[in-house]
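The following paragraphs lead through a single protein chain, from its overall composition to the packing of individual elements. Please keep the model in view while reading.

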Amino acid sequence: MNGESLIGKVLGGRYELLEVIGSGGMATVFKAHCRFLDRKVAVKIIRDSLTDDPEALEKFDAEARAAASLSHHNIVSIYDVGEVDSLRYIVMELVEGMTLKEYIKKKGALDWQEACDFAIQIAAALECAHANGVIHRDIKPHNILLTKDGTLKVADFGIARTTTSDTLVAGKGTSVMGSVHYVSPEQARGGYVDKKSDVYSLGVVFYEMLAGRVPFDGENPVSVAVMKLEQEPPNCKIHNPDIPQAVAEIAMKAIAKEQHSRYQSAMEMATDIQALLAPKVPEHKEKADGQGKDTGGLEDKITRFLLIGSLVLALILGCGAYYLFSGGTKEYQVPDLMNLTLEEAMERAVEYDFIIDEEKVIYQVSEDVPEGRVMRQEPGANDFTKKNKIRVVISSGKEEGKISVPSVVGKDIEEAIEILTGKKLKYRQVMERNNSYNVDEVFGQSPKADTKVNEDTVIVLHVCDGPVLEETEEPGETVTVPYVIGYDKQKAQSMLKAAGLTADIKEEESEKEAGTVTGQSPKAESMAPKGSSVSIVVSKGPAPTEAPAVSSPEPTPEVQKPTGEPLKQKTLTIPLSESLGETVQIKVVANGKVIWDKKHQTSEGKVDIPVASRTDATVEVYFDGVLQTTKVVTF
């Protein structure tokens with residue numbers, strides 16, 4: 001179904017589609033008339049070819065969730081979402097005008113004062129998003145709309161992530177997000193992103209407005225990414241000598257390669273820009289008793305202070321009055337868990353720094369919600385709360401489950417598994433410390449005993465892996481242990497440090513992505529002495545596939561030296577995806593030495609690379625010169 005064929009269709013009995021005003025790889029945007037409010041709106045409809053693509057649907061829904069949580073005159077407003085006849089759509093503010101990219105193409109390098117004004121508006125939008133825990137991750141002039149009165153509005157939150165933490169992993173299991181010319185170096189290498197990553201992208205947009213071109217450009221996205229990682233950007237004054245030095249310094253600071261060298265917030269960058277636009281106050285001198293008293297400097301400082309203060313106040317008020325009257329206590333927006341399985345809901349909750357209240361999971365009959373899916377949650381989706389627990393009700397289908405969940409608390413884990421599998425139930429283990437049970441004994445289960453469920457329902461088992469660490473400090477000096485399972489190692493360490501705890505790290509091979517925390521002790525929400533250690537288990541990734549030793553010719557006399565342990569060999573299997581393009585240059589470095597550097601067709605599916613060593617080898621894998629992963633191959 002193409003866009004033109006939808007002209008005249010009325011969605012939800014309310015939105016009449018008038019004309020196509022934009023089209024991209026993911027969705028088509030229509031100008032529409034809202035019959036209820038008698039106003040023109042924009043309606044974005046996901047392409048029908050993507051309605052069965054979970055990743056595309058998630059990006060589409062993410063845009064609605066992220067943008068709907070924000071209210072600012074420099075952000076495109078979201079009015080409504082819906083689905084009619086398999087058409088999933090978002091209703092948003094209609095912005096009459098052009099994109100900032102089109103404006104730059106039309107005018108070339110902008111007047112530096114106009115560029116500064118535009119940069120402040122984008123910064124205001126970002127400050128509002130960041131204050132609400134949203135990282136945009138794809139700031140570029142293509143996603144910024146310019147109205148006829150000169151107002152900029154940030155749009156397209158399709159790959160934004162809501163986060164209540166300082167960092168998150170770029171892409172997290174997918175390709176690098178965002179447009180390569182504008183993404184930060186940490187995004188280009190799949191590292192950690194935070195609000196300073198959005199500041200970098202704003203810096204590139206500011207640079208382009210001033211210079212009429214981006215800092216890095218190349219023949220393909222990979223070459224641009226490599227430039228960002230290996231080269232320093234040329235000063236924008238090289239391309240446009242008319243740029244004042246102070247303005248150029250702001251742009252160059254914003255696109256510093258290292259996060260700590262950039263502006264730490266959009267507001268900080270906007271404040272510096274606004275200071276340059278502050279009008280100069282003429283110097284006035286008062287004379288008394290033959291002595292001159294210079295008051296011009298003081299008046300200039302006062303004027304600058306008032307202007308910057310006004311900017312800061314405007315940025316805050318742009319996000320609404322909530323933060324002014326909340327007493328400094330931030331509430332977090334609850335993720336939407338509806339229609340997810342219990343396991344999916346638990347994973348989604350962790351992404352948003354929430355946990356499922358497993359002790360209160362219940363199952364109920366539902367005529368509408370499929371079996372095994374969340375049919376109700378408390379607090380509700382998109383509500384704000386200071387607590388981090390969510391209660392869920394799971395659908396048992398149209399009839400009450402016929403299997404009564406057996407009680408396995410107090411049982412050894414092997415016996416518990418045998419009991420559950422005998423009832424045709426599945427299980428999921430969570431290893432935690434507990435002082436009241438022996439090692440490998442189940443001390444908690446969800447759902448609880450006697451709950452009526454159907455076959456293949458997953459029962460979460462909390463299994464004791466040792467006693468809780470004893471307190472070493474005086475009573476009352478304790479802190480709450482945060483939930484760190486599912487986060488990467490650095491993020492977990494940061495969360496523990498923020499709570500006043502340290503991390504005792506143990507690495508184990510697992511099917512989880514290397515660097516992911518798979519276990520912790522003591523468990524989340526328990527109390528631990530401030531300054532004490534929390535044991536976390538970090539995945540080393542799956543074990544490499546063993547390969548038979550490859551025969552080699554007799555070594556030359558020069559190599560026949562005492563070597564201690566004999567040389568051992570393992571095979572490193574690297575999967576290839578056609579999303580990388582037709583070909584990819586693979587380079588593998590083991591313990592600092594290049595052992596493989598060849599071009600491969602992605603149609604091969606995978607590449608098996610022999611790794612020979614006498615000790616454990618630290619292996620780095622590069623695709624087209626960009627580091628993809630680092631892992632330890634054990635021998």
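The model is predicted: local features need pLDDT of at least 70 and side-chain atom pairs count only at pLDDT 80 or more, while totals for chains, interfaces and linings use all residues. Residues are numbered from 1 along each chain as its sequence is written, and side-chain values use heavy atoms, with hydrogens and water left out.

The chain contains 13 helices and 37 strands, which are DSSP runs numbered from the N terminus (helices: H or I, at least four residues; strands: E, at least two). Of its 635 residues, 45% are buried, where buried means under 20% relative accessible area, exposed over 50%, and partly exposed in between (1.4 Å probe, protein chains only). Among contacts in the chain with a separation of 6 or more, 63% join residues 24 or more positions apart; contact means heavy atoms within 4.5 Å.

Cysteines may be considered next. The structure holds zero disulfides, a disulfide being a pair of cysteine sulfur atoms within 2.5 Å. Cys128 is buried, at a relative accessible area of 0%, and Cys236 is buried with 0% relative accessibility.

Two packed helices are described by the angle between their axes and the distance between the axes. Helix α2 (residues 100-107) packs with helix α5 (residues 195-211) at an angle of about 25°, their axes lying 10 Å apart. This angle makes α2 roughly parallel to α5, a label for angles under 35 degrees. Axes are lines fitted to C-alpha atoms, for helices over the stretch in contact, and angles run from 0 to 180 degrees between N-to-C directions. In this pairing, Leu100, Lys101 and Ile104 of α2 meet Val205, Glu208 and Met209 of α5.

Helix α5 also takes part in covering α6. The buried residues of α6 are Val224, Ala225, Val226 and Lys228, and their cover includes α4 (185-188), α5 and β37 (626-633).

The loop between α6 (221-230) and α7 (245-254) contains Asn235. This residue is partly exposed, with a relative accessible area of 27%. Leaving aside residues up to four places away in sequence, Asn235 touches Tyr207, Ala248 and Met252. The C-alpha atoms of Asn235 and Pro215 are separated by 8.2 Å, although the two residues are 20 residues apart along the chain.

Notes. Parallel < 35°, antiparallel > 145°, perpendicular 65-115°, else oblique.
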